[in-house]
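Have the sequence and the model open as you read.

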Amino acid sequence: MKEPEKYRDLMVRVASFTVYFVDLTAEQQMDIINRTEQQGY
């Protein structure tokens, strides 16, 4: 999110379609980050 110009080609699957991460809203980006972030144990 800090440097989107570096990641213009990053694609993520949202529901049943694929979208460029940088085209999502900030809220949608944070939702994906929070769901996929590795948890330390």
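Start with the surface: the protein's accessible area is about 3800 Å², and carbon and sulfur atoms hold 51% of it. Those areas come from the Shrake-Rupley method with a 1.4 Å probe, and for residues only the protein chains shown count as cover. Keep in mind that this is a predicted model, where local features need pLDDT of at least 70 and side-chain atom pairs count only at pLDDT 80 or more, while totals for chains, interfaces and linings use all residues. Residues are numbered from 1 along each chain as its sequence is written, and side-chain values use heavy atoms, with hydrogens and water left out.

Along its principal axes, the box filled by the C-alpha atoms is roughly 30 × 25 × 15 Å. The protein has one helix and two strands, and from the N terminus on they come in the order β-β-α. Helices (H or I, at least four residues) and strands (E, at least two) are DSSP runs, numbered from the N terminus. As for charge, there are 5 positive and 7 negative side chains, and the centres of the two sets are 3 Å apart. Here Lys and Arg count as positive and Asp and Glu as negative, with His and the chain ends not counted; each charge is placed at NZ of Lys, CZ of Arg, CG of Asp or CD of Glu.

Next, look at the strands. β1 covers residues 11–14 and β2 covers residues 17–20; they run antiparallel and are joined by four bridges. Two strands pair if DSSP finds at least two bridges between them. You can pick out individual partners: Arg13 is bridged to Thr18 in β2, and Val12 stands opposite Val19 in β2. In a regular strand, side chains alternate between the two faces of the sheet.

What about the turn that links the strands? The hairpin has two residues between β1 and β2. Ala15 sits in that loop, and its phi is positive, about 55°, although Ala15 is not a glycine. Most residues other than glycine have a negative phi, and most peptide bonds are trans. Ala15 counts as exposed because its relative accessibility is 72%; the cut-offs are under 20% relative accessible area for buried, over 50% for exposed, and partly exposed in between (1.4 Å probe, protein chains only).

Met11 belongs to strand β1 and, with a relative accessible area of 42%, is partly exposed. Leaving out residues up to four places away in sequence, Met11 touches Thr18, Val19, Tyr20 and Phe21, where contact means heavy atoms within 4.5 Å. Its C-alpha atom is separated by 8.5 Å from that of Val22, eleven residues apart along the chain.

Which residues make up the largest nonpolar core? There are five: Val12, Val19, Phe21, Leu24 and Ile32. Such a core is a set of buried Ala, Val, Leu, Ile, Met, Phe, Trp, Tyr and Cys residues joined through side-chain atoms within 4.5 Å. Over the whole protein, buried residues make up 17% of the 41 residues.

Phe21 deserves a look of its own. It lies in the loop between β2 and α1 and is buried, with a relative accessible area of 10%. Not counting residues up to four places away in sequence, Phe21 touches Met1, Leu10, Met11, Val12, Gln29, Ile32 and Ile33. Pro4 is 17 residues from Phe21 in sequence and 8.8 Å away in space, C-alpha to C-alpha. Tyr7, in the segment before β1, is partly exposed at 46% relative accessible area, and its C-alpha atom is separated by 8.1 Å from that of Phe21.

Finally, turn to the helix, α1, which spans residues 26–36 and includes Gln29. Is Gln29 buried or exposed? Gln29 counts as buried, since its relative accessibility is 9%. Apart from neighbours within four places in sequence, Gln29 is in contact with Met1, Phe21, Val22 and Leu24. Thr36, also in helix α1, is exposed, with a relative accessible area of 52%. Thr36 and Met11 are 25 residues apart in sequence, and 14 Å apart in space from C-alpha to C-alpha. Of the protein's contacts with a separation of 6 or more, 13% are between residues 24 or more positions apart.
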